[in-house]
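Let's take a walk through a protein together. Keep the sequence and the 3D view side by side as you read.

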Amino acid sequence: MRALEAVQNELYARIKRKHMRASWKNTAVTSALAAAALLSACSGNGGFDESSAEGDALGQTEQASCANPDGTNSVMAALAVATAKELGRWEPLTDFYVSNNELRLTSTGRSRCGDGMCRNTQALLDMQKPISEGQVKVSPTVTLSASALRSRLVAKFGEQATCEARPDNHNGSDCPAEDHQLRFMFSQAGSCDTDFWFEATKTTGGPLQYPAQLKNKLLWVDTHNPYVNFQSSGSMVSIDPTLGLIEESTGTAGSCSPTCTKITGASILGACCSCNGIKKFQRSGLNPYVYFCR
């Protein structure tokens with residue numbers, strides 16, 4: 001049984017790496033943005049070779065320590081990305097609040113989403129609900145603990161509020177960050193799963209003076225979370241969550257998605273997927289945009 005599970009997990013990993021490589025190669029990015037964002041993939045000799053960079057990124061993915069025992073790490077990182085994509089910023093104390101021991105969107109936060117509901121963000125927040133306990137698999141071997149997600153988000157949101165309440169005393173115990181806006185640029189293979197890169201600017205569109213300080217706006221998803229893996233390169237910042245938890249704008253036609261749980265506005269009922277074997281997507285019953293591979 002263990003041998004069979006090992007083979008299934010290796011198949012899952014191979015399919016997912018192939019999916020990530022295809023997604024990376026097909027992403028249209030300007031040369032300037034690509035140079036900034038792929039800094040970590042360069043060997044340091046001033047040149048860039050796509051095949052070697054791809055290999056380095058995949059090697060990091062396989063070798064990195066990406067602890068995720070209860071699934072909360074990848075879901076919290078996904079919340080950071082979904083918020084950046086849908087709300088266009090990281091302002092947790094304005095866009096979220098705690099009610100009945102759950103993190104929820106404020107009306108201000110919801111109003112920033114083009115669809116009026118913040119589909120991806122809300123789907124992830126719904127994973128806190130008791131109905132999702134034991135249902136959401138973030139990988140073939142990891143099932144999300146809804147209770148752990150609830151308690152951790154509430155605790156980390158409290159830490160964010162405490163830190164931002166301190167005056168800017170320049171000693172590292174406060175949370176200075178500029179008013180900003182985030183614009184999604186592209187994704188690529190990351191150290192744990194998939195890096196999502198954003199252009200960070202002032203709300204007026206001008207350059208931020210200290211873009212690296214945006215990390216201070218991520219205490220609510222835990223800056224020590226390996227799936228957050230905040231990076232800053234020039235005007236670009238990135239987060240590294242599990243791919244299926246972030247709605248993709250495009251997909252590979254006819255492909256069998258290497259994803260146990262997928263969030264999407266498109267109907268994928270009955271579509272091929274791979275999670276402990278080749279299966280089909282079913283509606284979750286948790287949220288209309290969440291599908292389980294079963």
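**A sheet, a helix and a core**

Start with two strands that run antiparallel: E6 (residues 194–201) and E8 (residues 236–239), joined by four bridges. Helices (H or I, at least four residues) and strands (E, at least two) are DSSP runs, numbered from the N terminus, and two strands pair if DSSP finds at least two bridges between them. Before going on, remember that this is a predicted model, where local features need pLDDT of at least 70 and side-chain atom pairs count only at pLDDT 80 or more, while totals for chains, interfaces and linings use all residues. Residues are numbered from 1 along each chain as its sequence is written, and side-chain values use heavy atoms, with hydrogens and water left out.

Look along the pair and you'll find Phe-196 standing opposite Ile-239 in E8. Now zoom out: an open sheet of four strands has the order E5-E6-E8-E7, with antiparallel pairing. Its edge strands, each pairing on one side only, are E5 (181–189) and E7 (231–233). On average, neighbouring strands of this sheet are turned by 25° against each other, direction ignored. In general, strands of a sheet pair through backbone hydrogen bonds, either parallel or antiparallel.

What lies across E5, E6 and E8? That's helix H4 (residues 72–87), running at about 40° to E6. For such angles, axes are lines fitted to C-alpha atoms, for helices over the stretch in contact, and angles run from 0 to 180 degrees between N-to-C directions.

Next, the largest nonpolar core, which has 50 residues. A nonpolar core is a set of buried Ala, Val, Leu, Ile, Met, Phe, Trp, Tyr and Cys residues joined through side-chain atoms within 4.5 Å; buried means under 20% relative accessible area, exposed over 50%, partly exposed in between (1.4 Å probe, protein chains only). Trp-90, Leu-124, Met-127, Leu-218 and Ile-239 have the most contacts inside this core. H4 gives the most to it, with ten residues. Leaving out residues up to four places away in sequence, Leu-218 touches Ala-80, Trp-90 and Ile-239, among others; contact means heavy atoms within 4.5 Å.

Finally, visit Asp-95 in helix H5 (residues 92–95). Is Asp-95 buried or exposed? Asp-95 is buried, because its relative accessible area is 0%. The C-alpha atoms of Asp-95 and Thr-108 are separated by 6.0 Å, though these residues are 13 apart along the chain.
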